[in-house]
Amino acid sequence: MDNQTKIRVAVNGYGVIGKRVAAAIALQEDMTLVGIADIGADWRLRVANRSNIPLFGATTDHVQNMRRAGLAVAGNLDDLIEAADIIVDCTPKGIGAKNSDTYRRLGRQFIVQGGEAHTVTGHSFVAESNYGTALCRPSTRVVSCNTTSIVRTLTALKQAGLLLRARGTLMRRATDPWESDKGGIMNTLVPEPEIPSHQGPDSQSVDPELDLVTMAVKVPETIGHLHYWSVKMTRMASKDEVLQAFRASSRIATVRTVDGLGALNSIKEMMADLGRPHANLYEVALWTDMLRVQDDELFYAYMVDNQAIVIPETIDAIRALGGKTADASVSIAKTNASLGIGDIEAIFNNAAAMDGGSHDK
Ligand SMILES: NC(=O)c1ccc[n+]([C@@H]2O[C@H](COP(=O)([O-])OP(=O)(O)OC[C@H]3O[C@@H](n4cnc5c(N)ncnc54)[C@H](O)[C@@H]3O)[C@@H](O)[C@H]2O)c1
């Protein structure tokens with residue numbers, strides 16, 4: 001694809017999500033990363049400088065600070081916005097809402113992340129659920145890590161005609177690994193003060209038809225989140241039918257405790273061994289040997305890599321706003337191929353073929 005027809009994308013905020021989004025954009029044949037903006041001048045921006053990603057300061061003051069710190073800076077945020085078709089805002093909660101006024105003033109499409117409220121864009125996005133309604137929109141919000149996982153899994157059950165209602169308990173990581181010297185909790189568990197926790201209503205901002213209730217507790221670790229779900233199905237179904245429904249989603253990877261993947265740390269280690277950047281687990285990793293079906297009731301658990309799960313969704317959201325790829329499955333397939341999504345299933349399908357047995361018993 002020639003440069004003229006590629007979507008020019010800017011990333012504002014080069015933190016946990018921003019740097020992963022920027023790296024994923026650089027892998028897309030139909031997108032160009034025109035630059036990143038931030039307020040910092042620390043090692044993360046030095047690494048970006050080394051990768052020759054054009055760096056911009058959020059304001060003229062930030063540009064000066066960055067230059068004083070010896071960083072190569074291409075301009076300020078307005079300059080970056082001018083150079084882009086779409087801005088992906090990955091700044092901390094609340095700042096994206098403020099920045100949205102600037103994006104609108106300069107007439108650019110934009111995407112905010114899950115820390116912002118639905119009202120900032122009036123549209124909340126999960127590719128497998130509502131890609132089509134984001135086509136050519138001025139803006140959308142990629143929902144949070146937990147909400148993305150909930151919508152993915154419940155959409156898979158809904159599309160198979162199995163979902164009546166769902167109730168889930170979320171164990172949430174306390175802080176991100178690179179910031180664990182600054183905060184987090186130790187030797188305690190902190191329940192969210194309200195039931196339902198916000199992820200249930202947030203999932204309904206993507207799909208109002210979902211009947212769900214969530215409860216959440218913060219736990220003293222940094223690797224990812226662990227969800228337990230109890231689902232009332234529309235009818236009695238077999239375990240195989242349920243697994244088929246989950247496997248119809250390319251972004252739910254089925255794993256087994258008996259393969260040594262019995263905990264969050266071992267799954268994360270496998271992502272590192274697969275050579276994924278930052279050991280990213282982009283999929284929901286759902287345990288099939290733990291999953292139980294009892295008449296019309298379904299029980300399962302899965303892992304969410306909070307730092308990674310929203311990255312493929314953000315890439316699809318860019319394509320949806322860009323409007324040239326109308327078909328969700330085309331965008332999802334392109335994104336998956338660029339990020340290696342599908343390699344977990346491929347490894348275990350090969351193992352199942354070798355021992356001639358089903359992977360799920
Ligand atoms: N961390 C996660 O696991 C996670 C998962 C899903 C969604 N999100 C959401 O993604 C968004 C970003 O979160 P994060 O964890 O990447 O945050 P982060 O703190 O890791 O990164 C934010 C970056 O933005 C920069 N920044 C701060 N103010 C800025 C400004 N005014 N202009 C430009 N840059 C600025 C910071 O220096 C930092 O580099 C939030 O909405 C958050 O809720 C985070």
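I began with a contact list: from α11, Pro312, Ile315, Asp316 and Arg319 meet Ser331, Ile332, Lys334, Thr335 and Leu339 of α12. Sorted by class, the residues of this contact are four nonpolar, two polar and three charged. I kept in mind that the model is predicted.

Next I looked up how these two helices lie. The axes of α11 and α12 (residues 328–339) are 9 Å apart, and the helices pack at an angle of about 135°. The crossing of α11 past α12 is right-handed.

Then I turned to another partner of α11. Helix α7 (residues 145–159) and α11 (residues 310–322) have axes that come within 10 Å and cross at roughly 80°. That angle lies in the 65 to 115 range, so I wrote down α7 as roughly perpendicular to α11. Which residues of α7 and α11 meet here? I found Cys145, Thr148 and Arg152 on the α7 side, with Val310, Pro312 and Glu313 on the α11 side. This contact of α7 with α11 has three nonpolar residues, one polar and two charged. Pro312 is a name I had already written down for the contact with α12.

My last entry is on α9 (residues 239–247), where Val242, Leu243, Ala245 and Phe246 are buried. They span an arc of only 155° around the axis, so they sit on the same side of α9. A handy reminder for me: an α-helix has 3.6 residues a turn, so residues three or four places apart point the same way. The cover over the buried residues of α9 includes α7, along with strands such as β12 (225–233) and β16 (297–304).

Definitions and conventions:
Residues numbered from 1 in each chain as written. Predicted model: local features only at pLDDT ≥ 70, side-chain atom pairs only at ≥ 80, totals over all residues. Heavy atoms only, no water. Axes fitted to C-alpha atoms, helices over the stretch in contact; angles between N-to-C directions. Helix = DSSP H or I, 4+ residues; strand = E, 2+ residues; numbered from the N terminus. Parallel < 35°, antiparallel > 145°, perpendicular 65-115°, else oblique. Contact = heavy atoms within 4.5 Å. Nonpolar A, V, L, I, M, F, W, Y, C, P; charged D, E, K, R; others polar. Left-handed = near helix turned anticlockwise from the far one by under 90°. Buried < 20%, exposed > 50% of the residue type's maximum accessible area, 1.4 Å probe, protein only. Arc of directions from axis to C-beta.
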